[in-house]
Amino acid sequence: MIPPAALPAGPAAEDRTDQNDPAVRAAQEDRLRAVWQPPSGLFLRWTDVNNNRVGVWYTLTAFGFVLFAGVLALIMRTQLAVPENDLVSANSFNQLFTLHGSMMMFLFAVPMFEAVSIILLPQLLGARDLPFPRLSAFGYWSFLIGGVFVSGSIFFDAAPDGGWFMYPPLTTRTDLSGLGADIWMLGLSFIEVSSVAAAVELIVGVLKCRPPGMRLNLMPLYAWYILVVAVMILFAFPPLIAGDLLFEMERLLGWPFFDAAKGGDPLLWQHLFWIFGHPEVYIVFLPSIALFAMLIPTFAQRHLLGYPWIVLAAVGTAFLSFGLWVHHMFATGLPKISLAFFSAASEAVAIPTGVQVFAFIATLWAGKVKWSTPLLYAVGSLAIFTIGGLTGVMVAVAPFDWQAHDTYFIVAHLHYVLIGGTLLPLFGGLYYYWPLITGKRLSDRLGRTAFWILFTGANLAFFPMHFSGLDGMPRRVFTYPAELGIGGLNLASTIGAYLFASGVALICLDLARSPWRQKAPRNPWNAGTLEWLAHPEDENWGIRSVPLIESRYPIWDQPGFVEKVDQGRFFLPDAEEGRRETIITSVIDARPIAVARLGTPSVVPMITAVALGSVFILTTYHLYTVALVGAVATLACVLYWLWTGTAEIPEKREKPIGHGLTVPLYLSGPSAPGWWAMFITMLADATAFSGLVFGYYFFWTVHPEFPPAALPDPGVQWPMIALGLTAVSWALTIGAREVHARGQVAATRLMLALGIAATLASIPAGLAGPWLAGMDPAQHSYPAIVWTLAIWTVAHAGVGAICQSYTLARSLAGRMTPEYDAEIRNISVFLHFLLFTALVTYATIGLFPEASA
């Protein structure tokens, strides 16, 4: 690692005499252009993994899905415009509102923020790209395939119809719900994979790809918000994945996790779903606040006030959001102590939200405000969000929630929050960042007209719903009697919905006219953050050189900053070896520690996504044999991807990056992006596992006798043997890592081979307990959850054996040496989590019945 004294500081660091020669600069630019020039041909462009290009595809696809979801909403509002309408049938209406809600939450809100972040983060961080561009491409293709599969189901009358929350038992009973429930569950599970992949990319990008000098307290607030939200995804999405697994095992195999007649409980699904569902609201809201944090200082022309308080408020919002999921379940008969706790937590989350909003208001108050179209959207969206927040405080009070639950009052609250907290801010960000992405400005006249149409339409559509809900109109009904007296309110809501849609259409028109407009000047808003280093005529390699950062607003505060970046007077101004590269820095203080070689255009991420998608899609139609072939193909693609595209031994140990600094071309262990990616992925995996363990202990709390005395249990012997074998495998792998670092390659290979044998032996041992005891998972929830935990653990043991075998193969092939040892250090992280999983599983199923007897 570079010692502190070696990092240049101040103006002296920017003296680069070689950059005074125009011929030198031109040669460097030619090499950069050759490396980053997009491939020719439409298909090759699809396979390019440049994060900027992938982010644009991502954004356009998510925008297409939201337009489709909006059309579904208009059909619903047309059906409800007058009492006793028969435009669509009850079944079609159920499909419409289920698919509308699912698309808005899973195919628009989260993917859109991830897409925008994939575009903006490299530029905000002064990086050439994020660390895993191929992973971003894989996430995009997974999102596209899963989204088309789910949304396209409505054209075949096979769309899910159980609500975007899919509550059992109506959705788990195959006689009450058709194929749509499987399409929803497996299709969206596939999409959740892409969300977690994007979260890994964003977290590692923020932590490891910042420019030199950009300490954590100098990061743009957008990067802070994205870091917080990506971490939230790691802990919010996996419990839903665990719930999806239980859901599909009940539907496909008859394992009764939610069947009360066999010891299951439908409330388990509600807990797992809302542990995801309520943080999801803040996952889609905080990125919008992040956009405000970027554009408000620009239009106030001053630094944002209260920077540390805003960061703490964002972290506090994220923390509190995980402690109030039960306020969606106040009407389920929970104990009063639970109601009081979760009601208080629901009220408390307003505090950090208020801190952020008031910091923005104070910044505008203290600055010289330049009113613009983006700022208009920001202020208007805060006004709408505040109304949604006020009604949120109302429904956080349990007695009021009992009255308003499942009425159109909740529909109004939800849409005020989502339109004010997600949709309008994104439109504001669109008008703000469009010159950055395309070099063209959108029309202020059309933008302002669209805003007032949207603002009026949103309030006309959703404000009357508060009153129709209080008058007794329930949610999710396809018609209503005239005697209820709410026909006028519903007609007003329908008119407002069409007005809102016309505002969206006007924005689409503005976007369509953009290519024919003149080029915008560079940094047209006079912003102070790094992303505005981009020039309308920029090449695909982004910024000319990676800058040294001394301020939160370097364009404003560092003299001659833009010119010095453009002249290559900072770091990594060249592509000397003809490779796509960016600088890797330390987590806390952003000191340069290595140069990372980035992925180049490849078809492998797309093929891997297609193979994995086939597993989910074919399972939906019960084509298990072909799905198994898809799983094998997925494994082959992943292994090929890793073998050819990661942990490459460089042609030289280190390279100069400018200013007298020389850094390695290879990293392993906790300083490497790959190690962080493995650690973050395993955190998500462990969170999903905790959802399954939660299910076991949930059944124990709700049943007077659990495990039931009449049912067999797996005993102690076989679980403890399986745990012991896993511990032996872990010890051998960690030992192999240590002796390998000392140069003892032969001993490393022997220990890895023994570790593989121990891991494989743990698989039958882990299944032997419930198998030999004759536990029937279709009989009761107890054997079902025991089998689920055992299968989860042995499946991870199988993955562990593959990881160990892969590492052994890399060593035998000469692709892993004591100096270049990323593989064994990365799989050590997996083995740590495998041991944790085995310890919890086998202690739970083997010892807990004995302890409770």
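A walk through the predicted model

Phenylalanine 500 lies in helix H16, which covers residues 487-513. The model in which this residue is placed is predicted. Is phenylalanine 500 buried or exposed? Its relative accessibility is 11%, and because buried means under 20%, phenylalanine 500 counts as buried. Setting aside neighbours within four places in sequence, phenylalanine 500 is in contact with Ile419, Leu423, Leu454, Gly457 and Ala458. Another residue to look at here is isoleucine 453. In sequence, 47 residues separate phenylalanine 500 and isoleucine 453, while in space their C-alpha atoms are 6.3 Å apart.

Glutamine 804 belongs to helix H24, residues 781-812. The relative accessible area of glutamine 804 is 0%, so this residue is buried. Which residues is glutamine 804 in contact with, once neighbours within four places in sequence are left aside? They are Ser729, Thr733, Gly755, Ile756, Thr759, Ile827 and Leu831.

Helix H3 (residues 51-79) and helix H5 (residues 133-151) have axes that come within 10 Å of each other and cross at roughly 15 degrees. Angles under 35 degrees count as roughly parallel, and therefore H3 is roughly parallel to H5. The crossing in which H3 passes H5 is left-handed. On the H3 side, the contact is made by Asn51, Val54, Trp57, Tyr58, Thr61, Ala62, Phe65 and Phe68. On the H5 side, the residues include Pro133, Ser136, Ala137, Gly139 and Tyr140, and also Phe143, Leu144, Gly147, Val148 and Ser151. What kinds of residues make up the contact of H3 with H5? There are 12 nonpolar, six polar and no charged residues.

The next pair is H6 and H7. Helix H6 spans 179-208, and helix H7 spans residues 221-253. H6 and H7 pack at an angle of about 155 degrees, and their axes are 8 Å apart. Angles over 145 degrees count as roughly antiparallel, so H6 and H7 are roughly antiparallel to each other. Their crossing is left-handed. The contact of H6 with H7 divides into 22 nonpolar, two polar and five charged residues.

The strands come next. Strand S1 (residues 581-585) and strand S2 run antiparallel and are joined by five bridges. Within this pairing, threonine 582 stands opposite alanine 596 in S2. S1 and S2 form a hairpin with six residues between them. In the turn of that hairpin, alanine 590 has a positive phi of about 55 degrees. How many of the six residues of S2 are buried? Strand S2, residues 592-597, is mostly covered, with six of its six residues buried.

Strand S3 (residues 654-658) and strand S4 (residues 661-664) also pair in the antiparallel sense, over four bridges. Proline 656 stands opposite threonine 662 in S4. The hairpin of S3 and S4 has two residues between the strands, and histidine 659 in the turn has a positive phi of about 60 degrees.

Glutamate 84 is a residue other than glycine, and its phi is near 55 degrees. Where is glutamate 84 placed? It is in the loop between H3 and helix H4 (90-124). With a relative accessible area of 56%, glutamate 84 is exposed. Glutamine 301, which is not a glycine, has a positive phi of about 55 degrees. Glutamine 301 is found in the loop between helix H8 (266-300) and helix H9 (307-321). Its relative accessible area is 29%, so glutamine 301 is partly exposed.

Finally, there are cis peptide bonds. The bond from proline 168 to proline 169 is cis, with omega near 0 degrees. Proline 169 sits in the loop between H5 and H6. Phenylalanine 706 and proline 707 are likewise joined by a cis peptide bond, where omega is about 5 degrees. Proline 707 is in the loop between helix H21 (673-702) and helix H22 (717-741).

Technical notes
Residues are numbered from 1 along each chain as its sequence is written. This is a predicted model: local features need pLDDT of at least 70, side-chain atom pairs count only at pLDDT 80 or more; totals for chains, interfaces and linings use all residues. Side-chain values use heavy atoms; hydrogens and water are left out. Axes are lines fitted to C-alpha atoms, for helices over the stretch in contact, and angles run from 0 to 180 degrees between N-to-C directions. Angles under 35 degrees count as roughly parallel, over 145 as roughly antiparallel, 65 to 115 as roughly perpendicular and the rest as oblique. A crossing is left-handed if the near helix is turned anticlockwise from the far one by less than a right angle, and right-handed if clockwise. Contact means heavy atoms within 4.5 Å. Ala, Val, Leu, Ile, Met, Phe, Trp, Tyr, Cys and Pro count as nonpolar, Asp, Glu, Lys and Arg as charged, and the others, Gly among them, as polar. Two strands pair if DSSP finds at least two bridges between them. Buried means under 20% relative accessible area, exposed over 50%, partly exposed in between (1.4 Å probe, protein chains only).
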